[in-house]
Amino acid sequence: MAYVGLLSKTPSDQRHLRPSSYGYNSSLPPHPPPPPSLCPLCFLPFNQAITAACPNCFYRPPSLLSPPSHQHHLQSSKRSNSSLSSSGSSSSSITSPSELPSDSFMMSSMMGVVDDILREETSPICRHCSQAEPPLLFCLDCKEHLCLYCTPHHQKDHHIVKTHPSFPYKEMSPISPPPSKSLTPSDTCLQHLGEPLLYFCRPCLATICYKCIDEDHKSHQYAPIAQSFQKMQPSMDELALAVPQQLSALKQSSQNFERARADILRKKNEMSSSIHQIFHQLHEAIRKRELEILARIETITTTRLGSLDKEKDKISLDIRSLSELSSQMKEAKEKEQLAALVMTHCKLGKELERIASNPKQHTIEDESLLAMQNQSSIQTAINDFCKLTTAPYPPLCSASGEGLLHPRVNKPVTVTVFTKDRLGEPCTEGGETLVASLSQKTGGGVTVRDNKDGTYLLSFKPQSCGDQYLSITIRGHHIQGSPFQLLVDGRREYNHFVVSVVFGSEGSKPGELCRPWGICADHKGNIIIGDRSNHRIQVFDSKGAFSHAFGSEGSHPGQFNRPAGVAVTKEGDIVVADKDNHRIQKFQLNGKLMHHFGSRGSNDGQMIYPYDVAVHQTDGRIVVTDTGNHRILMFTSDGSLLGKFGYKGYLCGHFDSPRGIVMTNEGHIAVSDFNVHHLLVIEPNGTQARILGSHGSGNAQFTRPQGIAIDHRDNFVVVDTKNNRIVIMSPCGQYLTKFGSGGRARGQFDRPTSVTVLPDGRIAVLDFGNSRVQIFQEVSP
């Protein structure tokens, strides 16, 4: 490949062209280069030297710059050629390329190039792309002029000689040197100093030079800057019009932020002043109370001291009286005054008798003085005094639930939103404007229920499979993670279940269990356990960490005697089947008793050994397995009897030993019969029922079934106690899956009794014999 250019390296760096380059004799010694700042043909100054693939550097041919202008090099101009002659002979006149000395390296090479260039058109154009564009460079191998657009594609395979960067091809004069004005830094490549920026890389949104193409942008889509400018010019006018509008909107937003800042500072000053005033009044009240108590202490002390002084004076009088009588009797005895001695003896006897009848050894006054501090209640009052709250801060609010993890087509699912204030503390009150929407074309929207405790329950039913988005906003701002991408699944089958959490051990300490029977979960994920043999209720969080416990053994309100089943209302209250006390008790989550109902007996509203309890999440109805009476009882939320179903027997509609119970959203009641080994599903009207399952250990069979729950697919999750497993079946009784086996290892059971489904879809099983809880999570195979 041949190149045209200017020698720019030092003499020590110069080398010969290969013998095949232009036919010169390789035995000739190298020729010294001309001064690096002059053209080797016309000795005029030039602007930039170019390095070819071979070690020589050349100036661009004059004819390539402007063909008619450098023909004086081929006619009558005479230059001294001694520096180019291998033998140092005298200079000769150059009249044509054929007359150049054959042993002259520089002249033969340059004249050969010039001779080729002169054959080109007077005004060359780029023929590589057939667009008749003015040339930017000339390839000596291909003998082609290349325009700005063809250069980057051509130079991937060829080395190109570039022109002076400051001037276009058609405007550069070979006679006049380039102006001294150089490119500004914004016009040149920072990576390749001095190289002009000629192209625009679309993926990188950057202007680049031709060297950048071979290094970092080979596979990128790029175009000349002029072409990119033409394409962008229509949108530039639109952008120019959009800028003032956006600037106006941004300025308005800035003003809004400034107003919000001023409002925040104003509110801070108002609240600070109010808090100072409140606590100043509190300090005054405390100081006043302090003075009252001190004055009362002073009064008590003065009264006591006055009483003591009076008693002391009486004692002093008694002492003086006894002393005087004793002296008189002694004196009368010494003088042998019988009359005086008898009188004194009588007086002294009466005095001693009087004093003895009213002993003064112990005063009625003492130092007892107690201050009833009530520190616990005072501390509670202080903690509750003047609580500061802010509105929920959307970026710190979160959401969880089955609706985010495993939404199913045409199945109602729920999502719980947990709000937090600006400092990240949980909000404890509701009333906030929360908006939720689902990106589905058909079907209902999202129902929002304010739980009045800082949480909100969202309910919706996806209508189609695939990706959907759940948007949750508070005051127009998205909460953390919103909008949530939901992968709505239309499958009915289950994946594999694995143990994710295990907690609990046998004992009576907080967090320990002893033969537990019932389990349930509230909408926050709190796990409530009926710790039967410890006669108490224990509460754990969704990760199994102990929260608190309440209750003790006894029959008074708030006490338990072997509590069994537990359930929660939509408000988060706990309903307990107090089995051996033959009653139902209702508590707040903190253990405060709300009310209780029921007593031992077979009359309406009475019960014998109620094992389990369930609550309808819409209207709050309570259903109870009245095990000893072989029936089901239904009450209102306040304990008024609504009805009863069943009696002793083995046919449909009969019960032998009803244990677990659950109520669907549609009002169906499912009951496990412990001795008959099946489920009985009662229709909402209470007049019809159907049997699911049979006795055995196969699919859809049970041996001693107990607890029942409903998952988010409306399927029954049944505790098959004697088979040490969990069985899941459809509402019509079709077997779906099972998991568990007998043993003490993770995932194994020893007579499990109860089960519940957490808000996020995990299944928590109460492992009765192992005194623990195991939480299972569905995973992909």
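User: Let's start with His630: buried or exposed?
Analyst: Buried. In this predicted model, His630 has a relative accessible area of 19%. The cut-off for buried is under 20%, so His630 falls on the buried side with its 19%.

User: And where does His630 lie?
Analyst: In a loop, the one between strand S26 (622-626) and strand S27 (631-635).

User: What is His630 in contact with, leaving aside its neighbours within four places in sequence?
Analyst: Gly646, Tyr647 and Lys648, and also Phe655, Asp656 and Pro658.

User: OK, Gly747 next. Where's its place?
Analyst: Another loop: Gly747 is between strand S39 (741-742) and strand S40 (748-749). Gly747 counts as buried because its relative accessible area is 15%.

User: Which residues does Gly747 touch, not counting those up to four places away?
Analyst: Val499, Gly740, Ser741, Gln774 and Phe776. Take Phe776: 29 residues separate it from Gly747 in sequence, and the C-alpha to C-alpha separation in space is 8.2 Å.

User: Switching to pockets. How much space lies in the largest pocket?
Analyst: About 1200 Å³. Its lining has 44 residues, and nearest the centre you'll find Val615, Gln617, Asn665, Ile710 and His712.

User: How do the residues of that lining divide into nonpolar, polar and charged?
Analyst: There are 23 nonpolar residues, 14 polar ones and seven charged ones in the lining of the largest pocket.

User: Which domains does the lining draw at least three residues from?
Analyst: Domain 3 (394-488) and domain 4 (496-779) each supply at least three residues to the lining of the largest pocket.

User: Now the largest nonpolar core. How many residues, and which have the most contacts inside it?
Analyst: It has 21 residues, and Leu470 and Ile472 have the most contacts inside it. Two or more residues of this core come from each of strand S9 (413-418), strand S10 (434-438), strand S12 (455-460), strand S13 (466-474) and strand S15 (484-488).

User: What does Ile472 touch, if I skip residues up to four places away in sequence?
Analyst: Quite a list: Ala399, Val417, Leu434, Val435, Ala436, Leu458, His477, His478, Ile479, Ser482 and Phe484. There's also a second, separate core, with 15 residues, including Tyr494, Val499, Val717 and Val755.

User: You mentioned Ser482. What kind of peptide bond joins Ser482 and Pro483?
Analyst: A cis one, with omega about 0 degrees. Pro483 lies in the loop between strand S14 (477-478) and S15.

User: Which residues other than glycine have a positive phi?
Analyst: Leu205 is one of them, with phi near 50 degrees, and Glu336 is another, with phi near 55 degrees. I flag them because most residues other than glycine have a negative phi.

User: Where do those two lie?
Analyst: Leu205 is in the loop between strand S5 (199-201) and strand S6 (206-208). Glu336 lies in the loop between helix H5 (225-335) and helix H6 (338-357).

User: Are they buried or exposed?
Analyst: Exposed. Leu205 has a relative accessible area of 67%, and Glu336 has a relative accessible area of 67% too.

User: Last bit, the whole protein. How many helices and strands?
Analyst: Eight helices and 43 strands. Of its 781 residues, 41% count as buried.

User: And of contacts between residues at least 6 apart in sequence, what share joins residues at least 24 apart?
Analyst: That's 51% of them.

Conventions: Residues are numbered from 1 along each chain as its sequence is written. This is a predicted model: local features need pLDDT of at least 70, side-chain atom pairs count only at pLDDT 80 or more; totals for chains, interfaces and linings use all residues. Side-chain values use heavy atoms; hydrogens and water are left out. On a 1 Å grid over the protein atoms alone, a cavity is a set of points where a 1.4 Å probe fits but cannot get out, and a pocket is an open set with protein on both sides within 12 Å along at least five of seven lines; lining residues have an atom within 4 Å of a point. Grid points are joined across faces, edges and corners, and a volume is the space filled by probe spheres set on the points. Ala, Val, Leu, Ile, Met, Phe, Trp, Tyr, Cys and Pro count as nonpolar, Asp, Glu, Lys and Arg as charged, and the others, Gly among them, as polar. Domain bounds come from an automatic or database domain assignment. A nonpolar core is a set of buried Ala, Val, Leu, Ile, Met, Phe, Trp, Tyr and Cys residues joined through side-chain atoms within 4.5 Å. Buried means under 20% relative accessible area, exposed over 50%, partly exposed in between (1.4 Å probe, protein chains only). Helices (H or I, at least four residues) and strands (E, at least two) are DSSP runs, numbered from the N terminus. Contact means heavy atoms within 4.5 Å.
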